[in-house]
Amino acid sequence: MDIELFDFKLPEELIAQSPAQKRDNCRLCVVDRANKEISHRHFYDIIDYLKPGDVLVRNNTKVLPARLLGIKEETGGKVEALLLKEIAEDTWECLVGNAHSVRVNSHLSFGDGLLRATCLEVRGEGIRILKFSYKGIFLELLDQLGQMPLPPYIKRQCSNNDDYQTVYAKIPGSSAAPTAGFHFTEELLEEIKRKGVEIVDITLNIGLGTFRPVQVNDTKDHHMHSEEFEIDEEASRKLQKAKDEGRRIIAVGTTSVRTLEATYQKYGAFVATRESTSIFIEPGYRYKAVDALITNFHLPKSTLMMLVSAFMGRRFTLKCYQECIDKQYRFFSFGDAMFIYGDYDYAHNLDD
């Protein structure tokens, strides 16, 4: 598909630069995709749209303060490294700023030498394989030296790193946050449990694909980077039981969608697994695992915009986005949310 089909115009002032003062006070666009109806509420009203027996699936990954600012020891020139994935002990795939100056055997220093790295391999698109050396505990040094890897449209660092974590973040490993989960508070989650909704945690570590724009004109030419995910035995058992009983599976965010759909597409069921996926969901894809979706508003011409369009139709997605722009919703990572539910005829997805 032509990526221009997923474009829209967004006033810059609608790009949220900080989280809502109270997480669940943000706005919520409620979309009935079956009847093509749109209503506008607040996120704490999500409780009104959840039913006993629903399964709410959330990604419990925790964002590493993975943005490191330092110097190249040979020249003193500034360098920036974004940790993407640990591929061996103390060896990381990194996205490096000013990457052309970082070659094999280049030495980098962060925090006045508290953390040092040697470049082992040069890969395309600014990727370098760095081997780190240090004294102490690596994650503690990251907490001390690293910054949160905020998207480039957010112009200033968080005053508190917890602002860029979900309240249920648990498993360290991501280079970006599963932002649809930002809107949940501990109190709201307890209320959801009391209503009889089952909460299931899965893990997908968000990597380079989040930062990589679509740079081709036709979506068939776009290459998705793989991301590691895990569904444990307990989660797979609960998910399969819900599917067998015809209960709704509600994904919190596109990362949960990719985990659930990749698993169900491969195995025809929910199974306990730890593996990687490069699943690319665009209109024409028939959802097999997910019945409803909680998500934020995504960038124009992004793969996430395509994923949502596959869930409720491209034209209707753009209509919803335009209505929310007109109503001055806040967009992207720290912005407002959507809840999309209802039956859908995927046979008409490409026409929608």
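**Notebook: contacts, cores and a barrel**

I started at Y164. Leaving aside neighbours within four places in sequence, Y164 is in contact (heavy atoms within 4.5 Å) with V63, M148, P149, L150, P151, C158, A176, A177, F182 and F334.

I noted the ground rules next. This is a predicted model, where local features need pLDDT of at least 70, side-chain atom pairs count only at pLDDT 80 or more, and totals for chains, interfaces and linings use all residues. Residues are numbered from 1 along each chain as its sequence is written, and side-chain values use heavy atoms, with hydrogens and water left out.

**Cores**

I looked up the nonpolar cores. A nonpolar core is a set of buried Ala, Val, Leu, Ile, Met, Phe, Trp, Tyr and Cys residues joined through side-chain atoms within 4.5 Å. Buried means under 20% relative accessible area, exposed over 50%, and partly exposed in between (1.4 Å probe, protein chains only). The largest nonpolar core has 66 residues. Y164, L239, L260, Y287, F331 and M338 have the most contacts inside it. Helix α5 (residues 303-312) gives the most to this core, with seven residues. Helices (H or I, at least four residues) and strands (E, at least two) are DSSP runs, numbered from the N terminus. Another core, of 24 residues, lies apart from it; L64, L82, W92 and F110 are among its members.

**Q165**

I moved on to Q165. Q165 sits in the loop between α1 (138-145) and β11 (171-174). Is Q165 buried or exposed? Q165 is buried, with a relative accessible area of 8%. Not counting residues up to four places away in sequence, Q165 touches R23, K62, V63, M148 and F182.

**Barrel**

I traced the strands. Six of them close into a barrel in the order β5-β6-β7-β10-β9-β8, with antiparallel pairing. From one strand to the next, the twist averages 45 degrees. Angles run from 0 to 180 degrees between N-to-C directions, with axes as lines fitted to C-alpha atoms, for helices over the stretch in contact. Strands pair if DSSP finds at least two bridges between them. β5 (residues 67-72) and β8 (residues 107-110) pair in the antiparallel sense over three bridges. I71 has S109 in β8 as its bridge partner.

**A292**

I finished at A292, in strand β16 (residues 292-296). A292 is buried, with a relative accessible area of 0%. Not counting residues up to four places away in sequence, A292 touches I249, I250, A251, F311, F339, I340 and Y341. A292 and F339 are 47 residues apart in sequence and 7.4 Å apart in space, C-alpha to C-alpha.
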